[in-house]
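Please read them alongside the model.

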Amino acid sequence: MGEPRIRTALDGVPDYRPGRPPSAADGRVPYKLSSNENPYPPLPGVLAAVTEAAARMNRYPDMGAVDLYAALSRHHAVPVSDLAVATGSVAVLYHLLQATCEHGDEVVYAWRSFEAYPIAVRLVGATPVEVPLTSAAEHDLEAMLAAIGERTRVVVVCTPNNPTGPGVGSDALAEFVARVPEDVLVVVDEAYAEFAAKPTRALELTRTRDNVVVLRTFSKAYGLAGLRVGYAVAPARIASAVRKVALPFGVSDLAQAAAVASLDAEEELLDRVDALVAERDRTVAAARELGWPVPDSQANFFWLPTAGRTTEVAEVFARDGLAVRPFAGDGIRVTIGERDANDRVLEVLRRLGS
Ligand code: PMP
């Protein structure tokens, strides 16, 4: 009697922990500030496009996602061959690792960063090489370069960095990429790019380098987290590999229609991004005034370095009906929400004292 084998690469791979929903507190409105979602409801035009697509749900989606590829190609002024769409940008990352890594290969990334990285790397049998952030919670690009070795296949740069907030400067990124060996893939994860004050010009690097990929998503600035659609802009050879690995029919017709309609409504959506950025800046400034050492944030969230008090502080938020994202022993990530939600966050911070 045996049992089916589970690959040893899966031993010790942690489960992905999604942000928890809030529980209601004392009749006050609960807010979910734990998954970096966009608090705005869908635009009517986006909802209409989804409703229309829903009428076709007895059919498989367009596997070629032709309209979405065409819209993205216009949006970024790149050929369709340089794009790969998948079930959220996290899926694109998994596909990139599946396409590039063998057992024993190494993937370098900053830590702390997006918690899907160590999971995705271990799942393909590769070895994570984690390079600590600087004391300003930024990528230490020099140390990341030094961590690249013979077995390194991929280096991931998360900018702005989830969960700490700072972005990598445009010139710093270009200089970094120029120093990475050409046979190492540089994945620039720009899930929060639209919230950043200064763009990185990473997209340009995908045109001039054969080893640079940019990940983008409709989940954050475009407010489509529930529909799961993200994409890579990459040299054609890399984009083609991602498309080969991607699950067939992974992006639903609803998601495709919503993404196309969102690109059409970009101006209105980016106005919402501007409002969220203004709320972020207001909230971070007020938190700092209260004495909290919040690092720079270029995204739709900010970081509270709560160290040993993390669990306790997260519970205080939870008792107030605010679900935030604790990383035990390290800090708390708070998503920017509606004005009232952010005021409530500041109320808790005031009460806690720094
Ligand atoms: N990259 C980063 C840095 C993220 O924070 C997230 C979402 N939390 C993703 C990628 C994945 O986004 P999605 O799969 O929804 O496109």
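1. The chain is assigned two domains: domain 1 covers 19-42 + 267-352, and domain 2 covers 44-264. These bounds come from an automatic or database domain assignment. The domain centres, taken over C-alpha atoms, are 25 Å apart.

2. This is a predicted model: local features need pLDDT of at least 70, side-chain atom pairs count only at pLDDT 80 or more, and totals for chains, interfaces and linings use all residues. Residues are numbered from 1 along each chain as its sequence is written.

3. Between the domains, 23 residues of domain 1 contact 23 residues of domain 2. Contact means that the C-beta atoms, placed from the backbone, lie within 7 Å. On the side of domain 1 that touches domain 2, α10 (266-289), β9 (301-304) and β11 (325-327) each supply at least two residues. α10 gives the most to that side, with five residues. Helices (H or I, at least four residues) and strands (E, at least two) are DSSP runs, numbered from the N terminus.

4. That side of domain 1 has 13 nonpolar, five polar and five charged residues. Nonpolar covers Ala, Val, Leu, Ile, Met, Phe, Trp, Tyr, Cys and Pro; charged covers Asp, Glu, Lys and Arg; the others, Gly among them, are polar.

5. UniProt lists K220 as "modified residue: N6-(pyridoxal phosphate)lysine", in an unreviewed entry. Such annotations may be inferred rather than shown by experiment. K220 sits in the loop between β7 (212-217) and β8 (230-233).

6. Is K220 buried or exposed? K220 counts as buried because it has 28 C-beta neighbours inside 10 Å; the cut-off for buried is 20 or more. Leaving aside neighbours within four places in sequence, K220 contacts N36, N38, A191, Y192 and N300.

How values were computed:
Two residues are in contact if their C-beta atoms, placed from the backbone, lie within 7 Å. A residue is buried if 20 or more other C-beta atoms lie within 10 Å of its own, exposed if 12 or fewer, and partly exposed in between; C-beta atoms are placed from the backbone.
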